[in-house]
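Me: I have a chain to go through with you. Can we start with the charges and then move on to the fold?

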Amino acid sequence: MRGLKSKTVVVTGGGGGIGAATCLRFAEEGARVAVVDLNEAAASKVADQINQLGGRGLAVAVNLIDADATQAAVERIEAELGPIDVLVNGVGWDVFTPFLKSDPDFWSKIIDINLRGVLNIVHPVLSKMAERRSGKIVSLASDAARGGSSGESVYAACKAGVIAFSKTIAREHARHGISVNVVCPGVTETAMLDAFMEAAGDKEKLRSAFTKAVPMGRLGQPGDLPGAIAFFASDDAGFITGQVMSVSGGLTMHG
Ligand SMILES: NC(=O)c1ccc[n+]([C@@H]2O[C@H](COP(=O)([O-])OP(=O)(O)OC[C@H]3O[C@@H](n4cnc5c(N)ncnc54)[C@H](O)[C@@H]3O)[C@@H](O)[C@H]2O)c1
């Protein structure tokens with residue numbers, strides 16, 4: 001992929017399934033990678049792996065719900081790795097809950113993690129990118145936002161919010177040399193999916209139903225996502241902004 005070597009890339013949720021695979025891919029492309037995650041041990045493991053392979057990884061433990069702590073984390077990353085060229089918003093969390101079985105406390109938690117957490121980091125990073133008139137933002141939404149998904153009403157609403165937010169800041173900053181795009185994973189085998197299926201009840205039945213629903217006949221793996229994410233972050237996508245791409249084996253097919 002063109003234009004990723006020596007760039008400073010921030011991946012939130014970098015200690016998770018898709019996030020870790022994405023961090024390692026950017027490191028492979030020669031980028032310096034800040035692995036941002038609530039889970040310090042998971043972030044350190046990924047950063048250590050990058051450093052052992054001869055790259056530059058920095059673990060940054062922060063809860064993105066905390067705006068002040070997130071702002072401080074952004075300052076630390078720029079001080080240690082240099083100006084942020086690429087931000088990948090990879091944090092997400094959900095538990096299978098039919099809407100009528102959910103309550104306002106649950107809605108708040110889902111909204112804080114999946115929507116407010118994105119705003120909290122995009123605001124300080126985008127303001128620096130706008131000053132420098134350069135930068136790329138790639139957010140992970142979900143096919144749940146594009147086609148709906150039973151048991152994921154509030155999460156799907158947040159992810160649809162991430163899509164609308166991304167398109168809007170893409171318009172506001174296109175003339176400042178900043179592009180903003182969205183990648184929507186489908187059903188991908190990570191800790192998040194495991195917990196989701198556990199809460200839904202019959203895990204194996206659900207896995208088989210999900211697999212049957214995917215035209216390509218298998219569930220996604222974390223390694224299926226980094227190519228699309230790195231593409232949007234690269235110079236190869238230099239004339240692309242405000243776009244949404246599903247990486248889901250054909251689960252949803254949008255025009
Ligand atoms: N796995 C799927 O089937 C699937 C499907 C569609 C979309 N997605 C999206 O892809 C992205 C990655 O998901 P994944 O499956 O790899 O999940 P994951 O659970 O493996 O990783 C998510 C990471 O985010 C971190 N995190 C959670 N809350 C945080 C917070 N407040 N502050 C900082 N870090 C926090 C967790 O510690 C974890 O390491 C998410 O945005 C998710 O919504 C996943």
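Me: How many positive and negative side chains does the chain have, and how far apart do the centres of the two sets lie?
Reply: This is a predicted model. The chain carries 25 positive and 27 negative side chains, and the centres of the two sets are 6 Å apart.

Me: Pick one of the lysines, K128. Where is its place?
Reply: K128 sits in helix 4, which covers residues 104-132.

Me: Is K128 buried or exposed?
Reply: Buried, because its relative accessibility is 16% and the cut-off for buried is under 20%.

Me: And what is K128 in contact with, leaving aside neighbours within four places in sequence?
Reply: V74, E75 and E78.

Me: Changing topic. What does the secondary structure come to?
Reply: The chain has nine helices and seven strands.

Me: What radius of gyration does the chain have, and how does that sit with a compact globule?
Reply: The chain has 17 Å. A compact globule with 255 residues would have a value near 18 Å, so the two agree.

Me: What does the C-alpha trace span along its principal axes?
Reply: About 45 × 40 × 35 Å.

Me: What share of the residues counts as buried?
Reply: 47% of the 255 residues.

Me: Last one, contacts. Of those between residues at least 6 apart in sequence, what share joins residues at least 24 apart?
Reply: That share is 71% in this chain.

Methods
Residues numbered from 1 in each chain as written. Predicted model: local features only at pLDDT ≥ 70, side-chain atom pairs only at ≥ 80, totals over all residues. Heavy atoms only, no water. Helix = DSSP H or I, 4+ residues; strand = E, 2+ residues; numbered from the N terminus. Rg over C-alpha atoms; globule rule 2.2 N^0.38 Å. Buried < 20%, exposed > 50% of the residue type's maximum accessible area, 1.4 Å probe, protein only. Contact = heavy atoms within 4.5 Å. Lys, Arg positive; Asp, Glu negative; His and termini not counted. Charge placed at Lys NZ, Arg CZ, Asp CG, Glu CD.
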